[in-house]
Amino acid sequence: MALDGIKARMQQLRIQADESSAKVDELTAKVKKLEQENLAKEQEITSLTHKLSTHETDIEKLETTNKDLKEQLDHVGQSSNQSEALQRRLQILEEEAEEADKNIRETNDKLRQTDVKAGHYERKVQALESARDQWEEKYEEMSKKYAQVKKDLEEFRLELENV
């Protein structure tokens with residue numbers, strides 16, 4: 001009768017150990033997935049930062065060109081055709097500068113959003129790693145209990161054989 005109780009307890013401990021092992025595997029997979037997502041977000045941040053730098057360079061070039069054209073327009077007192085052409089070109093450059101400025105603002109917004117998401121994923125990874133560590137500790141504890149019960153059962157079986 002006591003032997004059946006020990007066998008039942010050993011079976012229960014085996015089931016708990018298997019469940020703990022499955023949970024550790026699941027949490028490890030989640031951590032790995034979140035780390036991959038975090039890496040992707042960091043790469044996106046790098047890409048957006050590069051884009052921002054490129055746009056800023058473009059704006060500087062456009063502003064320089066715009067300034068040069070304004071100076072040329074001021075100095076040119078020639079025909080109205082040249083003046084109109086320069087004004088059209090100036091207007092186009094100003095529109096391009098506005099568009100580039102808009103692109104920079106959008107890129108900055110995306111960069112901020114990606115930064116926030118990256119922080120969120122980092123916190124998730126930390127939480128899952130903590131949960132995984134707890135499950136690993138529980139698994140180790142259950143393994144030790146299982147080994148002890150198995151040892152106790154073996155000792156009990158030897159005592160019964162000696163009786």
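Visitor: Where do aspartate 109 and arginine 112 lie, and how many residues apart are they?

Guide: In this predicted model, both aspartate 109 and arginine 112 belong to helix 2, three residues apart, which is about one turn of the helix.

Visitor: What makes the pair of aspartate 109 and arginine 112 a salt bridge?

Guide: The closest N and O atoms of aspartate 109 and arginine 112 are 2.7 Å apart, and because the cut-off is within 4 Å, the pair counts as a salt bridge.

Visitor: Why is arginine 132 called buried, and which residue is its partner at 3.7 Å?

Guide: Arginine 132 has a relative accessible area of 19%, and because buried means under 20%, the word applies; its salt-bridge partner is glutamate 136, with the closest N and O atoms 3.7 Å apart.

Visitor: What is said of lysine 41, which is buried yet has no salt bridge, and which residues does lysine 41 touch?

Guide: The nearest side chain of opposite charge, glutamate 44, is 4.0 Å away from lysine 41, and no salt bridge is counted; leaving aside residues up to four places away in sequence, lysine 41, in helix 1, touches Thr114, Lys117, Ala118 and Tyr121.

Key: Residues are numbered from 1 along each chain as its sequence is written. This is a predicted model: local features need pLDDT of at least 70, side-chain atom pairs count only at pLDDT 80 or more; totals for chains, interfaces and linings use all residues. Side-chain values use heavy atoms; hydrogens and water are left out. Helices (H or I, at least four residues) and strands (E, at least two) are DSSP runs, numbered from the N terminus. Buried means under 20% relative accessible area, exposed over 50%, partly exposed in between (1.4 Å probe, protein chains only). Lys and Arg count as positive and Asp and Glu as negative; His and the chain ends are not counted. Contact means heavy atoms within 4.5 Å.
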